[in-house]
Amino acid sequence: MADRELRKMNRAELIEIIYALQQNEKTIREENIALNQRLQEKTICIENSGSIAEAALSLNQIFESAQNAADQFLSSVQATKSGVEEEARQILEEAKRQADQIVGAAREEAEQILDRANTEARAVVEQTREEAGQIVNEANADVNQCPTGNNGCTCKIKK
């Protein structure tokens, strides 16, 4: 798999690849064990063999070849696994960095919104106070214009 393809994959896909490689490695190991057991359990009939030494040498070569092939495959799987794990670690670090940036930007925006809301709220409170003060002043002026004790007064508030 090319580096570009791996870099384009998301974390879940990379984890899935790692899991598949681990399962494949496990299967190969089990097959290797089973083949080794079969080789150990079977009786090998050697035709045209001049001696037991030649048969033993032949078996040793077979075992050596099988072990070399298994070792080479395991090395290949380990190398691939290490590369994928490193790529996954880098992707995770980048995702965390981006998440931190997004959270920071959101906090900054929230603070700005709160500042604007507080400023607007203070302005509304101040305007309300001014309007209430004007209403009270008008009411006091109405009360002051009414003659004391005049039942025919048309003002809204009586002394």
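Which residues form a negative surface patch? The patch is made of Glu108, Glu109, Glu111 and Asp115. For the rules behind that word, a patch takes residues with over 30% relative accessible area and no salt bridge, joining like charges within 9 Å, and nonpolar side chains (Val, Leu, Ile, Met, Phe, Trp, Tyr) within 5 Å. Asp and Glu count as negative, Lys and Arg as positive, while His and the chain ends are not counted. The place of a charge is taken as CD of Glu, CG of Asp, NZ of Lys or CZ of Arg.

A word on what you're looking at. This is a predicted model, where local features need pLDDT of at least 70 and side-chain atom pairs count only at pLDDT 80 or more, though totals for chains, interfaces and linings use all residues. Residues are numbered from 1 along each chain as its sequence is written, and side-chain values use heavy atoms, with hydrogens and water left out.

How confident is the predictor? The average pLDDT of the protein is 81, and 82% of the residues score at least 70; that score is the predictor's confidence in each residue, from 0 to 100. Helix H1 (residues 3-8) has the lowest confidence, with a mean of 80, while helix H2 (residues 11-41) has the highest, at 88. Please keep in mind that where pLDDT is low, the predicted coordinates should not be read in detail.

Now the overall layout. You'll find 3 helices and 0 strands, in the order α-α-α from the N terminus. Here helices (H or I, at least four residues) and strands (E, at least two) are DSSP runs, numbered from the N terminus. Of the 159 residues in the protein, 13% are buried. Buried means under 20% relative accessible area, exposed means over 50%, and partly exposed is in between, with a 1.4 Å probe and protein chains only. The areas themselves come from the Shrake-Rupley method, and for residues only the protein chains shown count as cover.

With a relative accessible area of 48%, Glu109 is partly exposed.

On to the charge pairs. Side chains of opposite charge can pair when their charged atoms come close. There are 5 salt bridges in the structure, each being a side-chain nitrogen of Lys or Arg within 4 Å of a carboxyl oxygen of Asp or Glu.

One of them joins glutamate 87 and arginine 7, at 3.9 Å from N to O. Glutamate 87 belongs to helix H3 and arginine 7 to helix H1, so this pair ties together parts that are 80 residues apart in sequence. Are the two partners buried or exposed? Glutamate 87 is buried, at 10% relative accessibility, whereas arginine 7 is exposed, at 52%.

Another pair stays inside helix H2: glutamate 25 and arginine 29 are 4 residues apart there, about one turn of the helix. Their salt bridge spans 2.8 Å, N to O. Glutamate 25 is buried at 8%, and arginine 29 is partly exposed at 42%.

In helix H3, arginine 89 and glutamate 86 are 3 residues apart, again about one turn. Salt bridges with shared partners join Glu86, Arg89 and Glu93 into one network. For arginine 89 and glutamate 86, the closest N and O atoms are 2.2 Å apart. Both are partly exposed, arginine 89 at 36% and glutamate 86 at 32%.

Lysine 81, in helix H3, is buried at 18% relative accessibility. Leucine 35, in helix H2, is partly exposed at 48%. The C-alpha atoms of leucine 35 and alanine 66 are 9.1 Å apart, and these residues are 31 apart along the chain.

Conventions:
Areas by Shrake-Rupley, 256 points an atom, 1.4 Å probe, with all protein chains shown as cover.
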